[in-house]
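Please open the model in the viewer and keep the sequence beside it.

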Amino acid sequence: KIYQEIKASKKALDLTLNLSYVYEANRDIELAFNILTEALSAHPQDIEYGCILNNRIGGLLKSSGEGEKAIYYYTKSEENYEQIDNPDISFTLMQLSNDKNRGVVYRNQESYDTAMFYFNRSLAGSIQLNDTSWMARNYNSIGILHFQLKEYERALAAFDKSLTMKRYLNYVDGSVNTLTNMANIY
């Protein structure tokens with residue numbers, strides 16, 4: 001409230017996001033959602049605020065199993081992003097996240113073509129940015145989709161690309177995750 005009173009909107013936004021993570025960790029999804037939507041409604045014309053907060057709300061809803069609502073907020077985040085003149089890299093990475101997460105929601109709903117569309121769009125963006133970390137995440141998600149479709153060779157090829165990149169990045173947890181996915185196929 002103090003940050004809002006002194007019009008330190010960036011600090012207020014950071015604190016709002018942090019509070020939402022604390023509430024989520026305490027399994028108070030409703031309070032996390034409320035603080036985020038309150039901040040969103042306090043800045044209806046701020047497209048950067050909208051981009052960030054809609055992305056976070058989408059993530060909160062996705063992790064709490066409300067995929068349809070999450071997609072709505074990811075789409076709103078993208079709409080805000082498209083209005084930002086010369087967005088910095090953090091906003092562009094947020095859009096890769098929006099696409100990948102929409103892909104996960106659609107994959108969980110067994111809307112496989114739509115899921116693949118979003119995974120491929122996120123992958124294309126990560127390739128364009130030459131962001132190995134996001135490429136690895138996207139290949140892993142694509143591998144899981146192929147696995148669900150029983151396209152095992154395609155799944156293994158995607159997992160292999162993901163694993164190579166994760167090992168290059170020395171991302172141990174991610175490597176273990178991808179190796180587990182590969183083991184499930186075998």
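Begin by selecting helix α5 (residues 67-81) and helix α6 (residues 89-108), which pack at an angle of about 155 degrees with their axes 10 Å apart. The two helices are therefore roughly antiparallel to each other, a term for angles over 145 degrees, whereas those under 35 count as roughly parallel, 65 to 115 as roughly perpendicular and the rest as oblique. Axes here are lines fitted to C-alpha atoms, for helices over the stretch in contact, and angles run from 0 to 180 degrees between N-to-C directions. Helices (H or I, at least four residues) and strands (E, at least two) are DSSP runs, numbered from the N terminus.

The model is predicted: local features need pLDDT of at least 70, side-chain atom pairs count only at pLDDT 80 or more, and totals for chains, interfaces and linings use all residues. Residues are numbered from 1 along each chain as its sequence is written, and side-chain values use heavy atoms, with hydrogens and water left out.

**The face between α5 and α6**

Keep both helices selected and display their side chains. The crossing of α5 past α6 is left-handed, meaning that the near helix is turned anticlockwise from the far one by less than a right angle; clockwise would be right-handed. On the α5 side, the contact (heavy atoms within 4.5 Å) is made by Gly67, Ile71, Tyr74, Thr75, Ser77, Glu78 and Tyr81. Facing them in α6 are Phe91, Thr92, Met94, Gln95, Asn98, Asp99, Asn101, Arg102, Val105 and Tyr106. This contact comprises seven nonpolar, seven polar and three charged residues. In this division, Ala, Val, Leu, Ile, Met, Phe, Trp, Tyr, Cys and Pro count as nonpolar, Asp, Glu, Lys and Arg as charged, and the others, Gly among them, as polar.

Next, select Arg102 in helix α6. Is Arg102 buried or exposed? Its relative accessibility is 1%, so Arg102 counts as buried; buried means under 20% relative accessible area, exposed over 50%, and partly exposed in between (1.4 Å probe, protein chains only). Leaving aside residues up to four places away in sequence, Arg102 touches Ile71, Tyr74, Thr75, Glu78, Tyr118 and Arg121.

Move to Gly103, also a residue of α6. With 0% relative accessibility, Gly103 counts as buried. Beyond residues up to four places away in sequence, Gly103 touches Ala115, Tyr118 and Phe119. A line drawn from the C-alpha atom of Gly103 to that of Phe117, 14 residues apart along the chain, spans 7.4 Å.

**The contact of α4 with α6**

The crossing of α4 and α6 is left-handed. From α4, the contact draws on Glu48, Cys51, Ile52, Asn55 and Lys62. From α6, it draws on Phe91, Met94, Gln95, Ser97, Asn98, Asn101, Val104 and Val105. The residues of this contact divide into six nonpolar, five polar and two charged.

**Loops on either side of α6**

Select Asn86, in the loop between α5 and α6. Asn86 has a positive phi of about 50 degrees although it is not a glycine. Most residues other than glycine have a negative phi. Asn86 is exposed, with a relative accessible area of 75%.

Continue to Glu110, in the loop between α6 and α7 (112-129). Glu110 likewise is not a glycine, yet has a positive phi, of about 65 degrees. At 58% relative accessibility, Glu110 counts as exposed.

**A stop in α8**

Select Ala136 in helix α8 (residues 132-148). Ala136 counts as buried, at 2% relative accessibility. Apart from residues up to four places away in sequence, Ala136 touches Ser162, Met165 and Lys166. The C-alpha atoms of Ala136 and Lys1 are separated by 40 Å.

**The whole chain**

Finally, select the entire chain, which holds 10 helices and zero strands. The radius of gyration, taken over C-alpha atoms, is 18 Å, close to the 16 Å that the globule rule gives for 186 residues, so the chain is as compact as a globular protein of that length. That rule is 2.2 Å times the number of residues to the power 0.38. Along the principal axes, the C-alpha atoms fill a box of roughly 60 × 35 × 30 Å. Of the 186 residues, 45% count as buried.
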